[in-house]
Amino acid sequence: MRLPSRLRSCSSTLFHAALVAAAAAASASCAGGNPNLPECEDGDDNDGDGLVDQGDPACARGSAVESDDPITDCNNGEDDDDDGLADLEDPGCRDVADDSELDNPTPRCDDGIDNDGDGKTDYPDDPGCFSPLMDSEDDDCPDGPSCPQCANGLDDDDDTKADFPGDGGCSAASDNSERTPDQEACQGLQHMPMTGPGVVNGNLMANGQRQIQSNTCGGAGVEDIYELEVDRPVVMVATTALTGTAVDTTLYVRTRCGDGTTELTCNNNASDATTGSTITVALDPGYYYLVVDGTNVNSAGAYTLSVEYFPGEGSPCDAGECAPGLVCRTLPGAGAETCELPVCGDGRDDDGDLATDYPADPGCDTPDDTDEADDCPSGPNCPACANDVDDDGDSQTDWPDDTTCAAASSVSEACDDADPVLTVTQPVHTGNTTGATNDFASTCGGGTGPDHVWSLNLPVPVLSLDVDLAGTTYDSVHMLKDGSCGATSLACQDGLLIEHGALPAGGYTIIIDGWSTTSAGAYTLAVSGVVAGGEACTSPLFATGVLSCQDGYACDGSVCAPAACNDDVDADGDGLPGFPSDPGCTDPSDGDEADDCPSGPGCPVCANDVDDDGDGATDYPADPNCASASATSETCSDVDPIGLITQPTHTGDTTGAANDSAGSCASSGSPDEVWTLTLPVPVQSLHADTVGTTWDTVLYLKDATCAGADLACNDQGGVASSSAFTTGPLPAGGYALVVDGWVTGNFGPYTLNVSAVVAPGTACDSPLFAAGVLSCGDGSVCDGSVCVGAACGDAIDADGDGLAGYPADPGCTSYADNDETDDCPSGPGCPLCANDVDDDGDSATDHGADTDCVAASFPREWCGEEPDPMPTIAAGTITGTTAGAADNVDPTCGSTGGAELGHYLALPVAVSSLTVDTIGTSFDTLIYIDQASCGGAFLGCDDDSGGSLTSRLTATNVPAGGYVVFVDGYSSSSSGPYTLHVAGTAVAGAACTSPLFAAGVLSCASGETCNGTVCAP
């Protein structure tokens, strides 16, 4: 036997014929091995294979013992090359890690020997050989699951020919396709094969030939054409929006290269942030031609192309691998996961309660709901429309018998109304009566238009209840009734505001009606109630702001109790019990008397023992300019009380106020109100606006004396006719903000919003920081005393996930976020841009790869340039409001500057036409359809085709995939509640299993109806 080389060199006294065990013992003695160390560190050849420690293949792959070597041809005890010698005795074995006993370099697929004994020798005849260079002929043909088509004995492409060499579509027995491409498909155009999904790198040469371009997306430059063979139904996602792409590309796919009528889809630019392009398209088995084209004649350079295939409906899958619109799950009774529609839209009774999908199953809130589970009919969480109880006493029980129930999951049977009864849960709700039925007649005139019913449950008596339709533009009338919508109204108002007095606890309904048969549209409903001191305040309506304690009282968590500033207790021990004498009390409802007067930095000027305005009168009550000890100015002369800015948002009303001031950017003659702001530290910027105010305001900033030139002034810089400005830097000190009207007649209730940003290192112990008026700049946070670097603004990985700060860490919503904590990638709170899933199917996953992810904390992988929330279209009519939304996208029609909102539409099938409109909306709209990435060419844009300044747009021949429908304002003053209608007509023979068909968003082609599976005549 051969001794390991290390033993042979150790001592000449070791005989060549010694036993391995003796040699190993001698080795230990000779090498001085340490028995106290692990085998892979002790310096010994413990398994006698001539390899020591990290030189041993077992140690190199992380094993703790040297004998745990991987099995190779040179240590398996077999004569693998049939030469009569095995393992290290075979001259073909270099060592035990060598995986070949071959003595010569000729691979088995080119050695002229039938090595696997199947009667077929070498490439191209043996199905185990994919090239002559392979060193194994092993295969499982003709019946094994891995046997290629060209050796399985079957005529796979139905051309009456089978296998290699009989079928001309087979290049070798190992070829997995007998299909032969159409030789005329490219009509002489240069193209190249691409084997299955994967990544390829290419280069569009500047002097290359420009052969074709897309009919829809352009592509006038040089192109590369790839021939794809698809052997099963798939959804293909192809993209050049990758780091290796340096050229501006356009992508499109056809069934014949030069025939533009066979084009299935195209894209030019996956988003505004990239010149790479992405397409998603469903493909049946066959040959296709994927074109990487230069966008214009000057487009040349390198590109990287990625092609991915995803399984369609019913196909086997792994979690997260399905095409868009499908989920990977195991059907009841199935043994494996498949790509399926969501639980509440799959046509199956998944929870076995004999109710199937939305709207029949009480566990389904929408067709996209992923869980049918419920505890109906008798559980505590069972909704009213599935509990086997006639909750409203109208002799109709539950959905579908009770017509007020939109679905079994509806929570109210309260009122006999053909439309769903809505529930008041927030101070402000929006809706639209367009298309609703006329169920009620007004008790104060009119009321012949369509109406909506809202249910309000008062858990305790109220001192007063206000129901306001301010912001509603059509001629409306509204009523307050009891919970049964009885004939008698508790109040009825043709105008905008119902102000009702005391009401007992119980159920009530609010009916929003149109004055005439043509009076309908979008409305805003505001509801607020005041509760007496001593009443319970545990209802969620207190937390949301629908109900509040009366002035001087605050909710202590259980009851409306006297506020600290409205009792006889000197809570902070300064000898001043409450408002207006205590400088810590801004009003009687203030729950905290704390202050640092008279000498602290947060002490207001009306309590600081200083005659700040030099008029000989010091502080409250001596100085008549001080309305209270908490007032912040002794200097500004204004007939009306001066407000003190202590919170980011304050409300007021200039009705009846005096006209004391005139802004430099306004007309004159309007009443005004003054608010003082004391900046304890310098600020980098100060922002103020009146957004949320419905009349034409003017807003200006002055010094603390309210004299001299305006430091800033604005008329209509906010939403609609509201005002907004940003100015700075400003030094510490006193300032006055004046809310005024543009002309005489402009006055009323208003909202004033104020915020300022300070530089890092600035002291942040003022109460204005805790309240949110002042804040540290991006990347910094207040540590209680100064603005310091925030956890998400430094380079430290605070939560140990390998990601340091914004935008890389999914726990960071901004640089100023001070907490990196997250449950990514698999937790329920993990945002889509960090969940390791390609949620939009664009072959780019999460932040860093998917350019639509502006940060790892971004909530979606599509349309990254639109930060506002984006609802998914699941019904033919959608309502919302653009008020408060940002202007992020510029349309290609009409003007610009209006606020817009996007709506995600996942088309499961191609449609011959897609129509969207804003008919019924009261402001001047624009409407346009973009790619899901919000970066491609619009499918269309329209301004006024809907009539009355509304919009209507029809796009034709729209492929399946993701899209975003935008509702925009014509200008910066065009915003508010809107109605969006969406309707598409599927191509002939399309599958109709998507919930969008049941919801009325999609319909079959003319002359076809849905048979439950496909559209058929």
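View 1. Arg329 is buried, with a relative accessible area of 13% (buried means under 20% relative accessible area, exposed over 50% and partly exposed in between, with a 1.4 Å probe and protein chains only). The model is predicted, local features need pLDDT of at least 70, side-chain atom pairs count only at pLDDT 80 or more, and totals for chains, interfaces and linings use all residues. Residues are numbered from 1 along each chain as its sequence is written, and side-chain values use heavy atoms, with hydrogens and water left out. Arg329 forms a salt bridge with Asp350, the closest N and O atoms being 3.4 Å apart (a salt bridge is a side-chain nitrogen of Lys or Arg within 4 Å of a carboxyl oxygen of Asp or Glu). Arg329 belongs to strand E10 (residues 327-329) and Asp350 to the loop between strand E11 (338-340) and helix H5 (357-360), so the pair ties together parts that are 21 residues apart in sequence. Helices (H or I, at least four residues) and strands (E, at least two) are DSSP runs, numbered from the N terminus. Asp350 is partly exposed, at a relative accessible area of 23%.

**View 2. The salt bridge of Asp346 and Arg348, and the network around it.** Between Asp346 and Arg348 the closest N and O atoms of the salt bridge are 3.6 Å apart. Asp346 is buried, with a relative accessible area of 12%, whereas Arg348 is partly exposed, with 30%. Both residues belong to a network of salt bridges that links Arg329, Glu340, Asp346, Arg348 and Asp350. Side chains of opposite charge can pair when their charged atoms come close.

**View 3. The salt bridge of Arg254 and Glu263.** The side chains of Arg254 and Glu263 meet at 3.0 Å, N to O. Arg254 is buried, with a relative accessible area of 2%. Glu263 is also buried, and its relative accessible area is 16%. The count of salt bridges comes to six.

**View 4. Ala470 and its contacts.** Ala470 lies in the loop between strand E15 (464-468) and strand E16 (476-482). The residue is partly exposed, with a relative accessible area of 35%. Leaving aside neighbours within four places in sequence, Ala470 is in contact with Leu496 and Thr524 (contact means heavy atoms within 4.5 Å). The C-alpha atom of Ala470 is separated by 80 Å from that of Val65, the two residues being 405 residues apart along the chain.
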